[in-house]
Amino acid sequence: MAMFMPQLREAIMPLHDEAEKRGPLREIPEKTMTLNNYKKILGRLYGFVSPSEEVIESLLASYSVDLDWGERKRVGHLENDLTFLGETRKTLEMLPKCVEVSNIRNMFQALGIVYLFEGSRLGGLVLSKALREHFGFGNYQGYAYFASNGAEVVAMWQTFKNFMENHVASNGGEAEIIISAKQGFDLLNGWLDSY
Ligand code: HEM
């Protein structure tokens with residue numbers, strides 16, 4: 001049977017390349033980002049990642065999905081970065097959250113979004129290098145989110161791809177995972193664009 005992950009990749013890449021070329025994050029590798037805008041983008045990511053991770057956590061638990069999700073959550077890194085850049089617990093609480101993530105309602109939909117977040121670590125490494133050079137960051141302060149706080153990103157990606165191949169081989173859901181990943185990417189692009 002044909003592998004699933006290359007199909008998922010092919011479905012997402014047009015949206016990915018659009019985000020990479022035209023989305024606000026492009027200013028990081030271009031090194032035109034101001035610190036203030038960087039902070040705004042991180043706040044926007046927080047408003048998306050935080051509620052998404054909560055929904056994903058409860059869905060993966062209720063369907064007993066055997067993924068090391070606890071190790072993969074990254075909202076804490078965003079909180080650390082935002083705190084490093086001057087936010088407080090109070091101001092973090094006030095950041096708007098993307099309510100549409102409540103449309104993630106079942107295991108397959110959750111896995112489509114997990115795919116986006118896991119894949120985004122790869123680009124995160126490119127962005128974290130640019131952030132260190134551009135803003136002089138170090139020690140994972142201010143860029144912990146994009147750097148996955150120093151985790152073994154390539155190994156984690158390989159493990160995740162294996163998990164996904166096994167999961168769809170046993171449970172199916174390919175079409176629904178692909179639709180969810182595409183819708184999630186659209187939602188995220190729109191959410192980031194209006195920062
Ligand atoms: C300027 C912004 C971005 C850059 C420079 C970037 C860069 C990259 C790079 C270098 C890779 C790995 C190489 C490749 O597979 O082609 C990658 C993969 C990926 N990125 Fe991004 N990325 C960006 C934004 C995003 C965003 C906003 C998301 C959505 C959450 C995202 C999701 C993914 C996914 C899912 C993959 C894995 C694709 C696969 O192989 O299945 N990326 N990105």
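Biologist: Where is the place of H16?

Modeller: In this predicted model, H16 sits in helix α1, which covers residues 5-22.

Biologist: What makes H16 a donor to the iron atom of the ligand?

Modeller: Its NE2 atom is 2.0 Å away from the iron. H16 is the single donor that the protein provides.

Biologist: Happy with that! Which residues make the contact?

Modeller: From α1 come M5, P6 and L8, and from α8 come W157, F160, K161, M164 and E165. Six of the residues in this contact are nonpolar, two are charged and none is polar.

Biologist: How do you know that the reach of α3 is close to the expected one?

Modeller: Helix α3, residues 35-62, has 28 residues and reaches 40 Å from first to last C-alpha. At 1.5 Å a residue, 40 Å is also what one expects. After α3 comes S64, with a positive phi near 50 degrees.

Biologist: What makes the pair of R105 and Q109 a polar contact?

Modeller: The backbone nitrogen of R105 is 2.6 Å from a polar atom of the Q109 side chain. Q109 belongs to helix α7, residues 107-135. Beyond its neighbours within four places in sequence, Q109 touches N103, I104, E176 and S180.

Note on methods:
Residues numbered from 1 in each chain as written. Predicted model: local features only at pLDDT ≥ 70, side-chain atom pairs only at ≥ 80, totals over all residues. Heavy atoms only, no water. Donors = N, O, S within 2.8 Å, 3.2 Å for Na, K, Ca; no water. Helix = DSSP H or I, 4+ residues; strand = E, 2+ residues; numbered from the N terminus. Expected span 1.5 Å × (residues − 1). Contact = heavy atoms within 4.5 Å. Nonpolar A, V, L, I, M, F, W, Y, C, P; charged D, E, K, R; others polar. Polar contact = N/O pair within 3.5 Å; in protein donor to acceptor, adjacent residues only side chain to side chain.
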